[in-house]
Amino acid sequence: MEDIQRQIEAIEKELKETPYHKGTEHFFGKMRARIAKLKDRIAEKQTKSSVGGGGGFAIKKFGDATIVLVGFPSVGKSTLLNALTNAKSSIAEYAFTTVNVIPGMMNYKGAQIQALDVPGLIEGAAQGKGRGREVLSVVRSADLLLVIAPLGKEKQFNQINQELYLNGVRINEERPKVEIKKILRGGIKVNSTVPQELDRETIIEVVREFGFSNAEVTLKEHLTINRLVDCLATNRIYTQALYIASKADVTSTEIHLSGGSDTTRMEKVIQISAETGIGLDRLREALWDKLGLVRVFLAQSGQKKNFEELIIMHKGDKLSDVMLKIGTEFAGNKDTAKIWGPGAKFPGQIVSLSIEAQDKMKVRFF
Ligand SMILES: Nc1nc2c(ncn2[C@@H]2O[C@H](COP(=O)(O)OP(=O)(O)OP(=O)(O)O)[C@@H](O)[C@H]2O)c(=O)[nH]1
Ligand SMILES: [Mg+2]
């Protein structure tokens with residue numbers, strides 16, 4: 001593993017010393033691809049070695065969604081976990097108070113949301129500093145990240161983003177719109193539905209570096225080298241994040257809102273104090289929205305309109321998905337539903353199971 005790390009560093013050094021221009025673009029493409037492949041190998045080794053072990057880092061996902069609290073040491077992650085959930089994670093002034101993954105459960109609007117508190121990240125975490133690698137592996141299992149920095153130290157957001165980025169985590173970013181199809185012969189063919197700045201040669205080099213000799217590549221967005229490498233590397237994760245400024249009780253807000261341009265790419269920062277409770281309601285609401293959870297109230301057959309059973313679904317799920325979640329025993333031969341509330345044109349509308357569930361929709365299958 002150290003050997004691979006050394007290879008990565010050697011390539012990175014070479015790239016730093018090479019000026020980037022049209023003539024070296026394909027070299028950059030090839031080298032970035034090589035780095036990504038080496039990192040994939042490290043990730044692969046880690047998953048293999050963490051089975052059965054992981055020093056308290058092997059955590060089962062549980063509930064309707066999993067959120068992970070990340071940030072530098074002492075920013076208030078554990079204090080926030082304790083404020084949001086039933087957990088009692090240790091809190092102290094010194095760094096690295098938390099040394100394991102501490103899970104907590106938050107019940108919100110009837111959903112069970114698992115929250116995981118992890119040790120503080122530090123710069124170099126992606127290369128394994130501190131308990132970086134272990135923390136980053138937990139981060140990768142999250143449905144949503146809460147990235148935390150004390151109010152006034154929002155620069156940390158960018159540092160954390162950088163560590164996550166180096167570990168293959170892409171935040172609030174869409175998957176590249178690229179299709180790669182293996183073909184039997186003919187080399188590597190590149191088609192694009194939009195104009196590209198990257199040279200065809202660069203694209204081919206990158207694709208070839210990942211082991212393709214014959215392939216049809218279709219690009220459906222304006223690509224950078226990094227995005228091209230992303231769609232070929234295996235350990236990329238696309239995840240959502242909320243940015244949270246903690247300890248808002250101790251700092252006055254005006255000083256920091258001038259902020260600098262670094263934070264503009266990030267969405268709105270939510271200010272909280274886990275100690276006084278400032279902003280926690282807004283945070284719960286924001287994480288509910290970002291997770292895209294949807295409540296469906298169900299009437300059991302036989303009952304009239306007693307919508308007591310709550311099923312938590314995701315935006316975009318159809319009524320047929322709701323039925324799958326309830327289980328085959330219930331599903332039987334039901335293929336139609338009556339709906340009330342959001343999504344219904346009128347109370348008791350009869351619909352097919354291909355329509356999407358809406359938050360607070362009431363449903364009776366028959
Ligand atoms: N004033 C104020 N202090 C806070 C708040 N939240 C946490 N703290 C303090 O900040 C210190 C660190 O809090 P922790 O919750 O242990 O921080 P952590 O991020 O879990 O730290 P590590 O586990 O070491 O990474 C403690 O002294 C807390 O009392 C807050 O909202 N307001
Ligand atoms: Mg802690």
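**Notes on the predicted model**

1. Let's start with helix 5, residues 155-166: its 12 residues reach 17 Å from the first C-alpha to the last, close to the 16 Å expected at 1.5 Å a residue. The expected span here is 1.5 Å times one less than the number of residues in the helix. Helices (H or I, at least four residues) and strands (E, at least two) are DSSP runs, numbered from the N terminus.

2. Before going on, some housekeeping. This is a predicted model, so local features need pLDDT of at least 70 and side-chain atom pairs count only at pLDDT 80 or more, while totals for chains, interfaces and linings use all residues. Residues are numbered from 1 along each chain as its sequence is written, chains are lettered from A and ligands numbered from 1 in the order in which they are written, and side-chain values use heavy atoms, with hydrogens and water left out.

3. Now the overall picture. The protein chain has 11 helices and 15 strands. Of its 366 residues, 46% are buried; buried means under 20% relative accessible area, exposed means over 50%, and partly exposed is in between (1.4 Å probe, protein chains only). Among contacts in the chain with a separation of 6 or more, 69% are between residues 24 or more positions apart. Contact means heavy atoms within 4.5 Å.

4. Back to helix 5: which of its residues are buried? They are Gln 156, Phe 157, Ile 160, Asn 161, Glu 163 and Leu 164. These residues cover an arc of only 160° around the axis, so they sit on the same side of helix 5. The arc is that of the directions from the helix axis to the C-beta atoms.

5. Just after helix 5, Gly 168 takes a positive phi of about 85°.

6. Helix 4 is worth a look too. Gly 132, Val 135, Leu 136, Val 138 and Val 139 are its buried residues. Seen down the axis of helix 4, they fall within an arc of 155°, so they line one face of the helix. They pack against strand 1, strand 3 (111-117), strand 4, helix 5 and strand 5.

7. Within helix 4, check Gly 132. Gly 132 counts as buried because its relative accessibility is 2%. Leaving aside neighbours within four places in sequence, Gly 132 is in contact with Leu 121 and Ala 125. Gly 132 and Leu 121 are 11 residues apart in sequence, with 6.0 Å between their C-alpha atoms.

8. Next, the metal. Which protein atoms are donors to the magnesium ion, ligand 2? They are Ser 78 (OG) and Thr 98 (OG1), lying 1.9 to 2.1 Å from the ion. The pair links distant parts of the chain, 20 residues apart: Ser 78 is in helix 3 (77-84), and Thr 98 is in the loop between helix 3 and strand 2 (102-108). Both Ser 78 and Thr 98 are buried. Donors are N, O and S atoms within 2.8 Å of the metal (3.2 Å for Na, K and Ca); water is not among the atoms, so sites may look incomplete.

9. Ligand 1 brings some of those names back. It has 22 residues around it, of which Ser 78, Thr 79, Thr 97, Thr 98 and Asp 249 come nearest; a residue is near if one of its heavy atoms lies within 4 Å. Oxygen atoms of ligand 1 also make polar contacts. One is 2.8 Å from a polar side-chain atom of Thr 98, one is 2.8 Å from a backbone N or O atom of Phe 96, and one is 3.0 Å from a polar backbone atom of Gly 76. A polar contact is a pair of N or O atoms within 3.5 Å; within protein, one must be able to donate a hydrogen and the other to accept it, and residues adjacent in sequence count only if both atoms are side-chain atoms.

10. Asn 172 is not a glycine, yet has a positive phi of about 45°; its place is the loop between strand 5 and strand 6 (178-182). Lys 360 also has a positive phi, near 70°, and is found in the loop between strand 14 (349-352) and strand 15 (361-365).
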